[in-house]
Amino acid sequence: MASHLHNLSEYDANSLPSGEILARQRYAVIVSDWNSDVTYALLEGAVSTLLSAGVDEDNVVVTHVPGTVELTYAAAERLHEYNAIIVIGCVIKGDTPHFDYVCQSVTQGVTLLNAKGDTPVIFSVLTTLDKQQALDRAGGKLGNKGIEGAYTAMRMANLEDI
């Protein structure tokens, strides 16, 4: 069953714009404090990837929100301030339909923001069936989806230059 799963957190740095371009760009990372043992690991992956690619430390702004649903509002408030926005959250399925509502809300919210076309909003929200699946994607055997979010943000912020 696990044979189709793999770590996508390694990327070709040559597929990114130059460090000179990235140093001038601004990136927002909005992270949910819910399931913080997972989301903060994703945050670390995203921020370290942005910095190692050449984004100036002063141009990476991290905002904390209480939960995953609040990611959309915080991103909408920042659309015109940044070259790209990464939203980081983790929703783990429980015994009630709450999981479905939260996942649907944040997915639709981010989709609507992206449809506006002003600023790319990168969906780095884990939606897993259990805690182990989340940990596997937050620095575990399946990599760190925060790294992938940062890579995607830099690519999307520079579509015309790549």
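Visitor: Which residues are buried in helix H2?

Guide: Welcome! Keep in mind that this is a predicted model. Here is the general idea: an α-helix has 3.6 residues a turn, so residues three or four places apart point the same way. In H2, the buried residues are Val38, Thr39, Leu42, Leu43, Gly45, Ala46, Val47, Thr49, Leu50 and Ala53.

Visitor: How many residues does H2 have, and what distance does it reach?

Guide: H2 covers residues 36-53, which is 18 residues. From its first C-alpha to its last it reaches 25 Å, close to the 26 Å expected at 1.5 Å a residue.

Visitor: Which elements give two or more residues to the largest nonpolar core?

Guide: Let's begin with the core itself. It has 27 residues, and those with the most contacts inside it are Tyr27, Val29, Leu50, Ile86, Ile88 and Met154. The elements that each give two or more residues are strand E1 (27-32), H2, strand E3 (84-92), strand E4 (121-128) and helix H6 (145-156). H2 gives the most, with seven residues. There is also a second, separate core of 19 residues, which includes Ala75, Tyr82, Phe99 and Val102.

Visitor: Which residues does Ile86 touch, beyond those up to four places away in sequence?

Guide: Setting those sequence neighbours aside, Ile86 touches Ala28, Val29, Ile30, Leu50, Ile122, Ser124, Gly149, Ala150 and Ala153.

Visitor: Ser124 is on that list. Is Ser124 buried or exposed?

Guide: Ser124 belongs to strand E4. Buried means under 20% relative accessible area, so Ser124 counts as buried, because its relative accessibility is 5%. Leaving aside neighbours within four places in sequence, Ser124 is in contact with Leu42, Ile86, Val87, Ile88, Gly89, Lys145 and Gly149.

Visitor: Let me try another strand residue. Which residues is Val60 in contact with, leaving aside its neighbours within four places in sequence?

Guide: Val60 lies in strand E2 (residues 60-65), and its contacts are Tyr27, Val29, Val47, Leu50, Leu51 and Val55. With a relative accessibility of 13%, Val60 counts as buried. For a distance to check in the viewer, go from Val60 to Ala115: they are 55 residues apart in sequence and 24 Å apart in space, C-alpha to C-alpha.

Visitor: How many disulfides does the structure hold?

Guide: The general idea is that a disulfide is a covalent bond between the sulfur atoms of two cysteines. This structure holds zero disulfides. Cys90 is in none, and the nearest cysteine sulfur, that of Cys103, is 9.3 Å away.

Definitions and conventions: Residues are numbered from 1 along each chain as its sequence is written. This is a predicted model: local features need pLDDT of at least 70, side-chain atom pairs count only at pLDDT 80 or more; totals for chains, interfaces and linings use all residues. Side-chain values use heavy atoms; hydrogens and water are left out. Helices (H or I, at least four residues) and strands (E, at least two) are DSSP runs, numbered from the N terminus. The expected span of a helix is 1.5 Å times one less than its number of residues. Buried means under 20% relative accessible area, exposed over 50%, partly exposed in between (1.4 Å probe, protein chains only). A disulfide is a pair of cysteine sulfur atoms within 2.5 Å. A nonpolar core is a set of buried Ala, Val, Leu, Ile, Met, Phe, Trp, Tyr and Cys residues joined through side-chain atoms within 4.5 Å. Contact means heavy atoms within 4.5 Å.
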